[in-house]
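Please find below my note on the model under review.

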Amino acid sequence: MSSAGEGAALAPSDSDLWVLDLWKGYASGQPVLRGVNLNVPAGSLVAVLGLSGCGKTTLLRVIAGFERVQRGRIALGTQTLDDGRVYVPPERRGIGYVPQEGALFPNLSVRANIAFGLSRAQRRTSVVDELLELVGLVPLARRYPHQLSGGEQQRVALARALARRPEVLHLDEPFSSLDASLRATVREEVSALLRSQGATTVLVTHDQEEALSLADSVAVLRDGVIVQQGTPAELYSTPVDAPLASFLGAANLIEARFDGGWAHTVLGQLQLNPDSTRAPGLTHGVVIVRPEQLEVRPREDSVANGLAGEVEQCRYYGHDALLHIRLDAPDGKQVLLARVGGKQALPADTPVILAAHGPVTIVE
């Protein structure tokens, strides 16, 4: 792809996208969206993350105007797009859409696909050439979709969406059909392109790694409700509840007694995260300890201090490893996850000592 700032730059939007108390359902059943609130700041990439069936596609369709709100409001800056009374049709909303499979026209060349939807006057300008340069496809302009790789097809679909200079761009699971080896490369390229253009983007995905690594802000949709929106770091370190903590990555959920700013656990005394949501007077609960917060040493290490256990399983990934460690306890049932460097991977049955580092967050 070409460098940032070249070609047909997408004019940055000066308006935030707002979804306010949105309700949407169908005659056949319960509401799919139940009071959704979402903010997409102008020029940012916001990921809507959730499992299949949680309402992600319905949310996109309502924002785009393909479905009407039942209650609530969709707004772009100060302009209401739909509130049950005012309704702006899809073609006038300035929202571009890149579907999961790209949906390119098989009988049109790359150039013709990008130009589709432009007026004759626009096609006579340099806009298509500039977009081909922007997405790095100038040499492939005359090829047809079946002659392209999956990543190249996604770039064509993106260029086609950008050609109309939308104020907001929707990406609906755009990388899920790509091979794992290609997925990371393509999404980094697309992310860099969108940021270079100042595009206001809503990315819908079920992939936690994708959401956390690409987005400025992540909104987690569960059963038709946004349960938390924040930066990837905020969601990972201070999730609002235990299900969200586990959904965003491997997590140890450990019972604790609270005293001041400290949690007393089987792993010792751990400082509480100052951002941790905590009811006044709460004395007992559950905290989240991420696997990377655990330090693991072989038990024969004379300086090792902590909780005794034994490696039950080691999952080796090359750059790191995830150890399943069974604690030395009468019932022998509690197993904790610890993430270590690849060179620190220990085989099953290795006796170890565990130590934990805070801060930790209350999730129950």
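The numbered points below treat the structure element by element.

1. Basis of the note. The model is predicted, and local features were considered at pLDDT of at least 70, side-chain atom pairs at pLDDT 80 or more, while totals for chains, interfaces and linings use all residues. Residues are numbered from 1 along each chain as its sequence is written, and side-chain values use heavy atoms, leaving out hydrogens and water.

2. The open sheet. Four strands, in the order β2-β1-β4-β5, make up an open sheet with antiparallel pairing. β2 (31–40) and β5 (79–82) are the edge strands; each has a single partner, so one side of each lacks a neighbour in the sheet. From one strand to the next the twist averages 25°. Strands and helices here are DSSP runs numbered from the N terminus (E, at least two residues, for strands; H or I, at least four, for helices). Two strands count as paired if DSSP finds at least two bridges between them.

3. Strand β4 (residues 71–76) runs antiparallel to β5 and is joined to it by three bridges; Ile 74 stands opposite Asp 82 of β5. Helix α1 (residues 56–64) packs on this sheet, where it touches β1 (17–25), β2 and β4, and its direction makes about 120° with that of β1. Contact requires heavy atoms within 4.5 Å. Axes are lines fitted to C-alpha atoms, for helices over the stretch in contact, with angles from 0 to 180 degrees between N-to-C directions.

4. Strand β9 and its neighbours. Which strands pair with β9, and in what sense? Strand β3 (residues 45–49) pairs with β9 in the parallel sense over four bridges, and Leu 49 has Val 220 as its bridge partner in β9. Strand β10 (residues 225–230) pairs with β9 in the antiparallel sense over five bridges, with Val 225 of β10 as the bridge partner of Arg 222. β9 and β10 form a hairpin with two residues between them, and Asp 223 in the turn has a positive phi of about 50°. β9 is mostly covered, five of its six residues being buried (buried is under 20% relative accessible area, exposed over 50%, partly exposed in between, with a 1.4 Å probe and protein chains only).

5. Arg 222 and Asp 241 meet through their side chains in a salt bridge (3.1 Å, N to O). Arg 222 lies in strand β9 (residues 217–222) and Asp 241 in the loop between α8 (232–237) and α9 (242–247), so the pair ties together parts 19 residues apart in sequence. Arg 222 is partly exposed at 27% relative accessible area, whereas Asp 241 is buried at 18%.

6. Other salt bridges. The whole structure contains 17 salt bridges, each defined by a side-chain nitrogen of Lys or Arg within 4 Å of a carboxyl oxygen of Asp or Glu. One of them joins Arg 61 and Glu 67 (3.4 Å, N to O); Arg 61 is partly exposed at 34% and Glu 67 is buried at 18%. Another joins Arg 299 and Asp 328 (3.1 Å, N to O). That pair links distant parts of the chain, 29 residues apart: Arg 299 is in the loop between β15 (294–298) and β16 (307–316), and Asp 328 in the loop between β17 (320–327) and β18 (335–341). Both residues are partly exposed, Arg 299 at 34% and Asp 328 at 43%.
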